[in-house]
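Let's walk through this one with a few questions and answers. Have a look at the picture first, then we'll dig in.

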Amino acid sequence: MRPRSILLLGAGFTVWAAAFVALYAMLSVGCRFGWHEIALGSLGGVSLQRLQLAAIFLVHLAAGAAVVAVLRRWKDRGFLYTLAYFAAVAALGASVFSFAGIFFLSTCQ
């Protein structure tokens, strides 16, 4: 076991936390600048606000999936790697559960 392997335990939830901060910050910026009122006709009337939130969500979801994929390959290296893998899977599930509301909830009320 390497000393840095313990840092892998928080890798998945670090991505989750980065997504939380980015989504929350860009929600505020979008509401301030009225991006929720700008409908993009070429995308079926989706607002600019929802589009940028969805993009941030999908980028972080891909990052979380990449962390899970890497840790899955390293799972047989030891207990901490296995634990880090399951923590990353939990973080990925938490991301979907926590942030999926950007697709159907109102953004600026």
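Q: Where is Phe103 found?
A: Keep in mind that this is a predicted model. To place Phe103, look past the helix α3: the residue sits in the segment after α3.

Q: Is Phe103 buried, partly exposed or exposed?
A: Buried means under 20% relative accessible area and exposed means over 50%, with partly exposed in between. Phe103 comes out at 42% relative accessibility, so it counts as partly exposed.

Q: How far apart are the end C-alpha atoms of helix α1?
A: Helix α1 covers residues 11-33, which is 23 residues. At 1.5 Å a residue it should span 33 Å, and the model agrees, because the end C-alpha atoms are 33 Å apart.

Q: Which helices are included in what covers the buried residues of α1?
A: The buried residues of α1 are Gly12, Val15, Ala19, Leu23 and Gly30. What covers them includes two helices, α2 (48-73) and α3 (79-99).

Q: Is Gly34 buried or exposed?
A: You'll find Gly34 in the loop between α1 and β1 (39-40). The cut-off for buried is under 20%. Gly34 has 15% relative accessibility, so it counts as buried.

Q: How far apart in space are Gly34 and Ser47?
A: Along the sequence, Gly34 and Ser47 are 13 residues apart. In space, going C-alpha to C-alpha, the distance is 9.9 Å.

How values were computed
Residues are numbered from 1 along each chain as its sequence is written. This is a predicted model: local features need pLDDT of at least 70, side-chain atom pairs count only at pLDDT 80 or more; totals for chains, interfaces and linings use all residues. Side-chain values use heavy atoms; hydrogens and water are left out. Helices (H or I, at least four residues) and strands (E, at least two) are DSSP runs, numbered from the N terminus. The expected span of a helix is 1.5 Å times one less than its number of residues. Buried means under 20% relative accessible area, exposed over 50%, partly exposed in between (1.4 Å probe, protein chains only). Contact means heavy atoms within 4.5 Å.
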